[in-house]
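Trainee: I am new to this one, and I would like to learn how to read it. Could you walk me through some features?

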Amino acid sequence: MMSGTTLLIDALKRQLKRRGVTYAALAQQIGMSEASVKRLFAQRSFTLERLEQVLVVLGMDFAELAHAAADAPQLITQLTYAQEEELIGDTKLLLVAVAALNEVPVERLVAAYRLSEAEAVQCLLRLDRIGFLVLKPNNRVKLLVTRTFGWIPDGPIQNWFRKEAYGDYLDAHFDGPGELLRLVNVMLSPASSRALLERLRQVADEFSRQHQDDARLPYDERHAVTFLLAARPWMPQAFQHLLRE
């Protein structure tokens, strides 16, 4: 379930979109730069004064915003462990779930993979039953997950992808178009480590929001990108063997 703050900010964004107010237009009216407004929504760092300024632009009061937030569908941030196990137990079901997250049309999915339309629809119906999405007429899909939806840490699907990464994802030079690999080893204070982790979470959230924005583009103008973020205290085993007792 989403927090109250998340529900309010998401409701605020829906109201802006409904009224056709862009971030650029909002920034001009409340005396901020467009980049600052984007950061405000991304970090959900509204002061009461700033929130009131935005509500004035929208012609709303806080009670109306709270009502709009309460009427919003309750989206999920994670599946349950059992639901992830269900997905991981059926490769086609997992494929359809990932395709749905990436807003790949059923006809494109069927054209690209050894999957019949009937099989794809059956998978979508299973995902509908567990509350992952709503299957609409003509095989259209409405996701019921938040923009920051993620797999359970160390859960069935994350472990599956981890195994795939060991054998395939990292087996590359990362020197081609659209590829990048940076290995950074540093020594940080606890405070700096916490700041780093928070920044990585923000980058992941921004990546998810960009995915949502680009979903409006034609399918042929998008391509799959896998973005791996990781940070932990670690030392290569070769170094560990040299440590003094």
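This is a predicted model: local features need pLDDT of at least 70, side-chain atom pairs count only at pLDDT 80 or more; totals for chains, interfaces and linings use all residues.

Trainee: How many salt bridges does a search of the whole structure find?

Mentor: Side chains of opposite charge can pair when their charged atoms come close. A salt bridge here is a side-chain nitrogen of Lys or Arg within 4 Å of a carboxyl oxygen of Asp or Glu. The search of the whole structure gives nine of them. One joins E34 to K38, with the closest N and O atoms 3.6 Å apart.

Trainee: Where do E34 and K38 lie?

Mentor: Both are in helix α3 (residues 34–43), four residues apart, which is about one turn of the helix. Helices (H or I, at least four residues) and strands (E, at least two) are DSSP runs, numbered from the N terminus. For accessibility, buried means under 20% relative accessible area, exposed over 50%, and partly exposed in between (1.4 Å probe, protein chains only). E34 is partly exposed because its relative accessibility is 36%, and K38 is partly exposed at 43%.

Trainee: Which residue forms a salt bridge with R126?

Mentor: That is E86, with the closest N and O atoms 3.4 Å apart. This pair links distant parts of the chain: R126 is in helix α9 (residues 117–129) and E86 in helix α6 (residues 81–88), 40 residues apart. E86 has 31% relative accessibility, so E86 counts as partly exposed.

K92 and E119 form another salt bridge, their closest N and O atoms being 2.8 Å apart. K92 lies in helix α7 (residues 91–101) and E119 in helix α9, so the pair ties together parts that are 27 residues apart in sequence. Salt bridges that share partners also join E86, D90 and R126 into one network.

Trainee: Which residues of helix α2 are buried?

Mentor: In helix α2 (residues 23–30), the buried residues are L26, A27 and I30. Seen down the axis of α2, they fall within an arc of 100 degrees, so they line one face of the helix; the arc is that of the directions from the helix axis to the C-beta atoms. Q28 and Q29, on the other side of α2, are exposed. After α2 comes G31, with a positive phi near 70 degrees.

Trainee: What is the count of aromatic pairs?

Mentor: Rings of Phe, Tyr and Trp (its six-membered ring) pair if their centres lie within 6.5 Å; planes under 30 degrees apart count as stacked, over 60 as edge-to-face and the rest as tilted. By this rule, the count is seven aromatic pairs. Among them, F132 and F149 are edge-to-face, 5.7 Å centre to centre with 80 degrees between the planes. F132 counts as buried because its relative accessibility is 0%, and F149 counts as buried at 14%. Elsewhere, Y23, F41 and F46 form one aromatic cluster.

Trainee: Is Q83 buried or exposed?

Mentor: Q83, in helix α6, counts as buried because its relative accessibility is 18%. Its side chain reaches the backbone oxygen of I130 at 3.4 Å.

Key
Residues are numbered from 1 along each chain as its sequence is written. Side-chain values use heavy atoms; hydrogens and water are left out. A polar contact is a pair of N or O atoms within 3.5 Å; within protein, one must be able to donate a hydrogen and the other to accept it, and residues adjacent in sequence count only if both atoms are side-chain atoms.
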